[in-house]
Amino acid sequence: MFGDYQNVVTMSVYGSAIALILIGLYGVLIKKHLMKIVIGLSVVDSGVNLMFVAIGYIKGGTAPIFSPSVIDKNVQMVDPVPQALVLTAIVIGFAVTAVALSLVIRLYKHHKTARIDQIKSLKW
Amino acid sequence: MVISPVHYIAVPLLAAFTIPLFAKIHKELTRIIPGIVLLYLAYVSYVLMSKVMTTGPIVEVIAGWHAPWGINLVYNGFSGFIASLMSIMGFLIWLYTYRFKKVDDEPALKFYILFLMMVAGSIGIVITGDVFNMFVFIEIVGITSYSLTAFYRGRDGAEASFKYLLIGSFASVFLLLGIMLLYTHVGTLNMAEIAQKMHTIPTSAKVSIFVMFAIALGIEAEMFPLNGWAPDAYSQAPGPIGAGFAGIVVKAGVYALIRIVFTLFDIEGAFQYLIVMGLITMIIAEVAAIRQTNLKRMLAYSSIGQMGVVLIGFGIGTTEAIFAAIFLMFNHAVIKGLLFMSGSFLVYNDDKKQIVSLSRFGKKLPIVSFLFALGAFAIVGFPPFAGFWSKLYLLLAAADKNMIFLIATILMVSVVEVVYYLRVVGKLYFGKEESTVEPKKPAFNSLIVMLILGGVIILVGVYPDVITGFIQNAADTLADKASYISNVLPSL
């Protein structure tokens with residue numbers, strides 16, 4: 001019974017990560033407003049990060065901090081590597097979003113619109 | 001001070017973030033310091049390359065954490081060659097931009113900060129031995145490239161940059177997902193250890209991970225159909241940055257893709273995949289290039305096409321073909337660098353950068369026009385220029401494998417290439433009427449850089465032995481996966 005509950009929790013985390021990625025992709029691909037596209041991008045990032053943390057999780061594991069109690073009781077720790085990677089990925093995502101927003105401002109000033117279907121001075 | 005591969009990353013990043021402080025002392029320092037840093041990197045390349053050629057690969061352990069756990073830098077024949085090429089190209093581009101007028105108008109400070117970070121990130125992609133570290137460097141290169149693409153306010157740089165950013169963000173999502181899947185299967189991020197444990201992954205998972213990596217890195221490597229960003233970014237970015245994209249950023253993307261295919265994955269279809277994608281990339285890009293009226297877009301499409309040929313070379317997979325492909329990468333960096341540098345002076349005063357406006361520029365700008373023509377002849381592969389040898393070696397390698405169709409296609413596409421390059425050269429010298437556009441006199445330092453590159457093209461063309469030793473070593477290193485693993489993980 002307890003195991004089933006744990007499974008449901010794990011699956012719901014994975015499910016919401018995938019849902020976030022799909023929502024973000026929808027925003028990027030379908031929406032026409034530049035701001036919505038940028039928001040979509042950062043939603044995709046969150047989904048990937050959530051997935052990454054979920055993968056490093058071990059059932060019943062504690063925080064990966066090296067302390068006497070952890071060694072004594074011989075409890076399992078969750079994998080610290082994905083967490084470290086996610087921290088890096090969050091910072092990178094933040095930087096990309098900042099650049100994207102500044103580009104949106106530039107585009108808006110240049111074209112007097114923030115709708116992507118009205119900005120087409122460059123073509124293939 | 002002991003010179004080590006860490007300097008490639010640490011010195012330019014440190015300089016990039018301290019330039020604003022130096023700017024407070026004297027304004028000219030913001031231009032001089034990047035030059036000193038890049039010259040130092042070229043010196044580091046010289047020292048390390050001579051060490052690699054005599055004593056073998058250098059594996060640098062960062063912060064005392066040994067190979068499977070910590071991040072390490074691998075400086076072997078291949079990565080060293082590409083890193084040296086990048087640092088030297090970086091220095092030449094700096095020299096070229098030193099008195100570039102538009103950089104004066106726009107803040108030179110920001111330009112050089114971004115440029116140094118771009119060079120550091122690209123070299124980082126090449127010499128790192130850790131998959132996630134590679135992701136971080138790809139993002140550094142990405143963010144700096146987006147910003148440099150949008151550098152000029154007057155042009156449509158922001159639009160090109162936003163396109164690039166969208167595609168680049170997809171690349172990073174795919175790369176992160178790929179790294180994640182890989183990590184769940186092998187439990188490590190070290191490339192050598194991944195290569196060692198790759199056979200334990202079931203084939204289906206291996207293929208899906210490979211597809212994610214290929215999509216993500218194909219975007220940086222300008223592989224079809226992921227190269228929509230390239231023509232816009234090349235044409236809207238400042239001229240020297242176009243040379244930087246061709247000579248530095250794209251090389252890093254191709255290197256990462258090749259490293260993934262050759263060292264990490266041993267999937268049977270991966271090489272055929274490279275050949276097919278390379279062919280499609282080459283054909284589409286060259287056909288698109290022929291109908292461009294904008295000089296910079298034409299050069300961008302030509303650059304994509306060349307990358308397709310490079311991918312074909314790596315896809316054939318024999319040592320001779322790898323040799324040809326690396327030679328082609330070198331040639332492309334030098335020749336396309338020259339074409340972008342001279343081309344951006346030719347179309348300097350034309351806002352639309354049109355080929356038509358170049359009519360009879362051969363008289364007005366004799367040296368620049370001559371250098372552009374030299375680059376054009378070299379890139380289509382006329383003897384006795386550098387481009388001839390790489391194309392010849394590639395065709396010979398394809399002939400060894402009896403790939404007649406491949407040879408025929410490459411030659412046919414070369415004809416297309418000849419047509420659109422000679423059209424520009426013809427316009428320069430035999431244009432019907434005098435162009436109304438005023439030519440821009442090249443600055444002295446820019447002229448020197450272009451003359452150096454032209455000299456290299458002729459030197460390598462007449463006497464290819466100056467470079468083939470390094471390239472042969474690079475090709476041997478790339479093909480030898482076992483020694484890559486044993487160099488990084490000596491104890492295992």
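Helix 6 of chain B is a mostly covered piece of this predicted model, with 19 of its 19 residues buried.

**Where the chains meet**

Helix 6 also turns up at the boundary between the chains. The contact there draws 22 residues from chain B and 22 residues from chain A. On the side of chain B that touches chain A, the elements giving two or more residues are helix 6 and helix 7 (157-186) of chain B. Which of them gives the most to that side? That would be helix 7 of chain B, with 13 residues. Sorted by class, the side of chain B that touches chain A holds 14 nonpolar, 4 polar and 4 charged residues.

Helix 7 of chain B has a packing partner across the boundary, helix 4 (residues 80-111) of chain A; the pair packs at an angle of about 160°. Angles over 145 degrees count as roughly antiparallel, and helix 4 of chain A and helix 7 of chain B are therefore roughly antiparallel to each other. The crossing of helix 4 of chain A past helix 7 of chain B is left-handed. From helix 4 of chain A, the residues that meet helix 7 of chain B include A:Ala89, A:Val96, A:Leu103, A:Arg106 and A:His110. On the helix 7 side of chain B, the partners include B:Glu159, B:Phe162, B:Leu165 and B:Leu176. By class, this contact of helix 4 of chain A with helix 7 of chain B comes to 10 nonpolar, 3 polar and 2 charged residues.

**A pair inside chain B**

Chain B has a helix pair of its own to look at, helix 14 (residues 319-346) and helix 20 (residues 465-479), packed at an angle of about 125°. That angle makes helix 14 of chain B oblique to helix 20 of chain B. Their crossing is right-handed. Helix 14 of chain B brings B:Thr319, B:Ile322, B:Phe323, B:Ile326, B:Phe327 and B:Phe330 to the contact. Helix 20 of chain B answers with residues including B:Ile467, B:Ile471, B:Gln472, B:Asp476 and B:Leu478. The class count for helix 14 of chain B with helix 20 of chain B is 11 nonpolar, 2 polar and 1 charged residues.

Here are the two packed pairs in one place:

| Helix pair | Angle | Axis distance |
|---|---|---|
| Helix 4 of chain A and helix 7 of chain B | about 160° | 9 Å |
| Helix 14 of chain B and helix 20 of chain B | about 125° | 9 Å |

**A look at chain A**

Chain A has 4 helices and 0 strands, and from the N terminus on its elements run α-α-α-α. Of its 124 residues, 23% count as buried. Among the contacts in chain A with a separation of 6 or more, 54% come from residues 24 or more positions apart.

Now for a single residue. A:Ile116 sits in the segment after helix 4 of chain A. Is A:Ile116 buried or partly exposed? A:Ile116 has 18 C-beta neighbours inside 10 Å, so it counts as partly exposed. Leaving out residues up to four places away in sequence, A:Ile116 touches A:Lys32, A:Leu34 and A:Ile37. A:Val9 lies 107 residues from A:Ile116 along the chain, and their C-alpha atoms are separated by 39 Å.

Notes. Residues numbered from 1 in each chain as written. Chains lettered and ligands numbered in written order. Predicted model: local features only at pLDDT ≥ 70, side-chain atom pairs only at ≥ 80, totals over all residues. Axes fitted to C-alpha atoms, helices over the stretch in contact; angles between N-to-C directions. Parallel < 35°, antiparallel > 145°, perpendicular 65-115°, else oblique. Left-handed = near helix turned anticlockwise from the far one by under 90°. Contact = placed C-beta atoms within 7 Å. Nonpolar A, V, L, I, M, F, W, Y, C, P; charged D, E, K, R; others polar. Buried ≥ 20, exposed ≤ 12 C-beta atoms within 10 Å, placed from the backbone.
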